[in-house]
Amino acid sequence: YNRSTKAVGEALGLEVVADEHPGEGPLGGVITALHRFPAANGVMDVACDLPLLTAATVSALLGARGDADVALAKTDRLQPLCAVWSPRAVVRLQTVFDSGERRLQAALEGMETRRVGVDHQELANHNTPGDLPQ
């Protein structure tokens, strides 16, 4: 996170957790979240640039994981930055990370996954206000 992200999170009453692997990509961020909440039933990670993500999709992902390692949103491809992870998945993710790999897609190999179909517009990234639909 950066100072502005931390300030926004704190203003919203949210806990802001520093990345254990800054600059190492989203795989390190997911590992950080799973380390921070080891007793949780599941940890959801969502990219910060998905303002059109709906509560219905979040609920569908939370409900779909069951006993799988991860429930992932799926458009025309898997979306590991919109997923609910089992705390036990951290072992696989850490092993992949320690091997030098940084792609979440690579970490999915060998994991039990559940896939939830999502409208691609919901997961279109929006980096500036001009990217939002009018």
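User: Which residue in S4 is the bridge partner of Lys-74?

Analyst: In this predicted model, Lys-74 has Gly-117 of S4 as its bridge partner. As a general idea, the strands of a sheet pair through backbone hydrogen bonds, and they may do so in a parallel or an antiparallel way. Here S2 and S4 run parallel, and 5 bridges join them.

User: In what order do the strands of the sheet stand?

Analyst: The sheet is an open one of 4 strands, with mixed pairing and the order S1-S3-S2-S4. Strand S1 (43–46) and S4 are found at the edges, and because each has a single partner strand, one side of each is left without a neighbour in the sheet. From one strand to the next, the twist averages 30 degrees.

User: Which residues of the largest nonpolar core touch the most other members?

Analyst: In soluble globular proteins, nonpolar side chains tend to be buried together. In this structure the largest nonpolar core holds 19 residues, of which Leu-27, Leu-34, Trp-85, Leu-93 and Leu-108 touch the most other members. Among the elements that each supply at least two residues of this core are helix H2 (26–36), strand S3 (78–85) and helix H4 (89–98), and H4 gives the largest share, 5 residues. A second, separate core has 10 residues, including Leu-53 and Val-118.

User: Which element has the lowest mean pLDDT?

Analyst: Where pLDDT is low, the predicted coordinates should not be read in detail. The protein averages a pLDDT of 90, with 96% of the residues scoring at least 70. Among its elements, helix H1 (residues 3–11) has the lowest mean, 77, whereas strand S4 (residues 113–117) has the highest, 97.

Notes: Residues are numbered from 1 along each chain as its sequence is written. This is a predicted model: local features need pLDDT of at least 70, side-chain atom pairs count only at pLDDT 80 or more; totals for chains, interfaces and linings use all residues. Side-chain values use heavy atoms; hydrogens and water are left out. pLDDT is the predictor's confidence in each residue, from 0 to 100. A nonpolar core is a set of buried Ala, Val, Leu, Ile, Met, Phe, Trp, Tyr and Cys residues joined through side-chain atoms within 4.5 Å. Buried means under 20% relative accessible area, exposed over 50%, partly exposed in between (1.4 Å probe, protein chains only). Two strands pair if DSSP finds at least two bridges between them. Axes are lines fitted to C-alpha atoms, for helices over the stretch in contact, and angles run from 0 to 180 degrees between N-to-C directions.
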